Structure formats: C-alpha cells, structure tokens
Amino acid sequence: MKRTEKIKNYGFFNVDKPSGITSSTVVNKCKWLTATPCGHMGTLDPLASGVLPVGVGNATRLFDYFLEKEKEYIAEFTFGVSSDTLDSTGECTLVGRIPSEAEIVGVLPSLIGEIDQIPPKYSAKNVNGRRGYELARAGVDFELPAKRVKIFGVELLGKGERENSYRFKINCGGGTYIRSIARDMAFALETNAVMSALKRTKSGAFEMKNAIPFSLLEEDLPVAELEKYLISTESVLPFPALVITDKNPERIFNGMAVETDGADGFYKLYKEENFYGIAEVKCGFAKAKTKLC
C-alpha cells in the first residue's frame, strides 16, 4: 500500500544496516515511509553492516560535499582463503598459510597513506558502460585501473570470530574498498585472505552511537514519529556560516556574486536566519551554489 503523507522536513536518517540486505533495500524503505525521494551516501555490500546515511528529499543534493569524509570500519579478514569476490560470499578456496599477529603488524605501515588501490572486479565500477560485477559474473576477462585512495590507519584488534581470522579497525577516505585491503595485506604476507565480516562504524558526521536500527524502520512508523530521527542537513555539514560584507547582500539569492572576507571554500548560507543552502567563495566573492529551500 502506498503512503500519501509526506515528511515535512528534509535531512538524513542515519541507519544501522544489518548484514544480509542491500543498501537499496534500506533506501526503498525510507522512500516508502516518507513518500519522498531518498538516496544513500556510500554503498554497503550485502555482507556489510553498520552506518548508512540516507538523504531525504533535498538533502540528496548535498552528497557531493561529503565525498572527502573519513570513514571507519571494523573488518574481519580470514587468512589462507582465496575468493573471486575477495570476500566470503564468493567461491572460496583454501590456499595459503596463516600469518602470525607479529607478521601482520609488520606489514600494516605499508598499507597506510595515499595509495593506488585496484578495486575488486566484483564491484559497481563502470567498465565500458557495464558494471564490473556484471562482467565478472558473465566470465568476461577485464582489468580495472588503480584508483588513488587515502588510508589513514589500519589497526590489528586481535583474533576474529572465525577460524584463522583477525579483526582490524580501518580509517580511510571515500572510495576505498576494504576487500582490496584484505587482498593487499595478504599479498604483502605472501598468502591469501578474504573479508569475512565488515561493520561501518563511522561515515563523516554519522556514527554508530546515533544510528537507528533498520528494524525500527520496519515497524512502519507514522511520519510524525519518523521526524524524531531525522538529522538536519546543516548540522552535519562541516562548513562555517558565510558572512557577507557586500552593500547589497540579498543579491546572492538572485544568483549574483557578492563580496565577502571569507577565504576560498564552501560555506553554509542563511536567509533570514533560515538555512538556505551552500555558497562557494572564490577570490573574495561568494555565490549560492546549492539551494535547499
């Protein structure tokens, strides 16, 4: 049955996605509950769980401003196993030795920094108009180019729940594939490994401590109740408020550039104390870039 009552305000739901469902399943549920277009920031594979920010309404216009956000994961890598998907959902083969904790700690520094990472073939990467996972499933032989990613830290937490597995805390930038880290770590240790579990605990301003379980959304809450869990757009944007020094500041709302003392960059733009959107400053002049109201 289609819902007709739309949510009044826009913003983000910080959803704790369970393992075993797709990110699209979460988004579709949010669309139905709010009767409003929604979209997620940063796909989580079905195997993965944890923080999945879902933009509601005009908040989806802000996704590009979160591309550089830092993410945190708790991952489990199982060693001595090879998989075509680089995780435990693929066709697994027992091959390779099991490294010691000391050996693992020894290679961690080589995985940190700005590195060129090759994405998994089973990924959503576009290859001549087709997704990588589509080509891989069809048995097509292809190579994906390496992509520059930022890995801020990889910490060994100890043994994992599965046999021959270890748990890691990983802090990285957007676009990083944790499965590829498992592959590259194992290569440095002269063995094989797959990602056997993954939980995203942070995605920019969105953290597990204020995430709502997906099971709560499955209760088909009324719109008024849902609004309690909506995070405002301005509260999660890491930008200062714009101060306009122009004699005619209202011109910025008509698409014109106005003078400001602010440094180059992005700012929150307010109109009569109401959050209006995002402005960009270049060479002492500010222009409205993304309107939200």
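Buried means under 20% relative accessible area, exposed over 50%, and partly exposed in between. The legends below use these words for a predicted model.

**Figure 1. Overview of the protein chain.** The predicted chain has 293 residues, and 47% of them count as buried. It contains 7 helices and 18 strands. Along the principal axes, the C-alpha trace spans about 70 × 50 × 40 Å.

**Figure 2. The salt bridge between Lys 199 and Asp 16.** This view shows one of the 12 salt bridges in the structure. The side chains of Lys 199 and Asp 16 meet with an N to O distance of 3.7 Å. A salt bridge requires the side-chain nitrogen to be within 4 Å of a carboxyl oxygen, so this pair qualifies. Lys 199 belongs to strand S12 (residues 193-203) and Asp 16 to strand S1 (residues 11-17), so the contact ties together parts that are 183 residues apart in sequence. Lys 199 has a relative accessibility of 29% and therefore counts as partly exposed.

**Figure 3. The salt bridge between Arg 162 and Glu 76.** The closest N and O atoms of Arg 162 and Glu 76 are 2.5 Å apart. Arg 162 sits in the loop between strand S10 (147-159) and strand S11 (165-172), while Glu 76 is in strand S4 (residues 71-79); the pair links distant parts of the chain, 86 residues apart. Is each partner buried or exposed, or does it fall in between? Arg 162 is partly exposed at 41% relative accessibility. Glu 76, with a relative accessible area of 4%, is buried.

Figure 4. An N to O distance of 3.0 Å joins the side chains of Arg 251 and Asp 246 in a salt bridge. Arg 251 is partly exposed, its relative accessible area being 28%. Asp 246 is buried, at 11% relative accessibility.

**Figure 5. The largest pocket.** The space in this pocket is about 1,300 Å³. It is lined by 47 residues, and those closest to its centre are Gly 42, Thr 43, Leu 44, Asp 45 and Tyr 177. Two or more lining residues come from each of these elements: helix H1 (23-34), S4, helix H3 (132-137), S10, helix H4 (178-188) and S12. Which element gives the largest share of the lining? S10 does, with 5 residues. By residue type, the lining divides into 18 nonpolar, 13 polar and 16 charged.

**Figure 6. Helix H1 and its buried side.** H1 has 12 residues, which at 1.5 Å a residue should span 16 Å; its end C-alpha atoms are 17 Å apart, which agrees. The buried residues in H1 are Ser 23, Val 26, Val 27, Lys 29, Cys 30, Leu 33 and Thr 34. These residues cover an arc of only 160° around the axis, so they lie on the same side of H1.

**Figure 7. Ser 215 in helix H5.** Ser 215 is found in helix H5 (residues 214-217). Its relative accessible area is 44%, so Ser 215 is partly exposed. The C-alpha atoms of Ser 215 and Glu 68 are separated by 29 Å, and the two residues are 147 residues apart along the chain.

Definitions and conventions:
Residues are numbered from 1 along each chain as its sequence is written. This is a predicted model: local features need pLDDT of at least 70, side-chain atom pairs count only at pLDDT 80 or more; totals for chains, interfaces and linings use all residues. Side-chain values use heavy atoms; hydrogens and water are left out. Helices (H or I, at least four residues) and strands (E, at least two) are DSSP runs, numbered from the N terminus. Buried means under 20% relative accessible area, exposed over 50%, partly exposed in between (1.4 Å probe, protein chains only). On a 1 Å grid over the protein atoms alone, a cavity is a set of points where a 1.4 Å probe fits but cannot get out, and a pocket is an open set with protein on both sides within 12 Å along at least five of seven lines; lining residues have an atom within 4 Å of a point. Grid points are joined across faces, edges and corners, and a volume is the space filled by probe spheres set on the points. Ala, Val, Leu, Ile, Met, Phe, Trp, Tyr, Cys and Pro count as nonpolar, Asp, Glu, Lys and Arg as charged, and the others, Gly among them, as polar. The expected span of a helix is 1.5 Å times one less than its number of residues. The arc is that of the directions from the helix axis to the C-beta atoms.
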